[in-house]
Amino acid sequence: MRRPICEDDLHAWVDGRLGAARRGEVNTWLTEDPLHIERVEAWRSNAEALRSGYAALLGEPVPARLRAVVERRKPLPALRLAAVVAWTTLGTLTGAGLGYQLGQSASPDVDALASLPHRAAIAHAVYAPEIRHPVEVSADQEQHLVAWLTKRLGAPVKLPDLHDQGFALLGGRLLPTPDGPGAQFMYENDGGRRLTLYLSRRDDGAATTAFRYAQQGDVGVFYWVDGRFAYALSGQFGRDTLLPLANSVYHQISP
């Protein structure tokens, strides 16, 4: 009998601290209700904002007064470690104390795209393994899929064709994102390997950005902003394999 999913499991899932078996159970549980995904995504966004907002503080050198103590007592290497840990802990606790406020209104210096590859990789990891229900609307209803997502996202949605690259469209689904409704399109090649395109609506006036690449576990992600959306192409492929696919997607959706 499967052990019930608790908040400790969800926090460990967000932090990437779950073992493979338990992570699979949590992934399955998340697919049962999009609200579950929205909840843990909010936690993960807050964590990203904290890390970004206080990165400069945590990266500062150990204060001179602590270094002096360590240097006076070099025979005690544990003290050096304690001093560093104390300084890092102080910065972490300061950030945690302001976590709710920062999570609600992050500094404008925080990169708005910082969380995108992680969100896209999570969505890929949750839905790509699905056999019976990988998508909400299948490829045989392509026109309906595009019209539906365009209406829900409030901006024209374009559906890239990757047949020339060896990937057939399976369909798509509506997803919750921190910026409102989002979407995911899923593709599959002849070998059964899947590729997902994640769309997140942008209302912050973000300019077009060049491709960026991130590795999230075994999922590679190319991501960028263009027009009204942020895009992320994800798959369990190497960077060199994903890049031409991302280029094809970009050229098809670029205004």
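## R194 and its salt bridge

R194 counts as buried, at 14% relative accessibility. Buried means under 20% relative accessible area, exposed means over 50%, and partly exposed lies in between (1.4 Å probe, protein chains only). The side chain of R194 meets that of E188 in a salt bridge (2.9 Å, N to O). A salt bridge is a side-chain nitrogen of Lys or Arg within 4 Å of a carboxyl oxygen of Asp or Glu. E188 is partly exposed, with a relative accessible area of 23%.

This is a predicted model: local features need pLDDT of at least 70, side-chain atom pairs count only at pLDDT 80 or more, and totals for chains, interfaces and linings use all residues. Residues are numbered from 1 along each chain as its sequence is written, and side-chain values use heavy atoms, leaving out hydrogens and water.

## The sheet around it

E188 stands opposite R194 in β4. Strands β3 (residues 180-188) and β4 (residues 194-201) pair in the antiparallel sense over seven bridges. Two strands pair if DSSP finds at least two bridges between them. Helices (H or I, at least four residues) and strands (E, at least two) are DSSP runs, numbered from the N terminus.

Seven strands form an open sheet, and the pairing is antiparallel. The order is β1-β2-β3-β4-β7-β6-β5. At the edges are β1 (137-138) and β5 (212-216), each pairing on one side only.

## Helix α2

Helix α2 has twelve residues (residues 20-31). At 1.5 Å a residue they should span 16 Å, and the end C-alpha atoms are 17 Å apart, which agrees. The expected span is 1.5 Å times one less than the number of residues. In α2, R22, V26, N27, W29 and L30 are buried. Seen down the axis, these buried residues fall within an arc of 165 degrees, so they line one face of the helix. The arc is that of the directions from the helix axis to the C-beta atoms. On the other side, A20 and A21 are exposed.

A search of the whole structure finds two salt bridges. One of them joins the side chains of R22 and E25 (2.4 Å, N to O). Both residues lie in α2, three residues apart, about one turn of the helix. R22 has a relative accessible area of 10% and is buried. E25 is partly exposed, at 27%.

## Confidence

The chain averages a pLDDT of 77, and 69% of the residues score at least 70. Over residues 79-110 the pLDDT is below 50. pLDDT is the predictor's confidence in each residue, from 0 to 100.

Definitions and conventions: Contact means heavy atoms within 4.5 Å.
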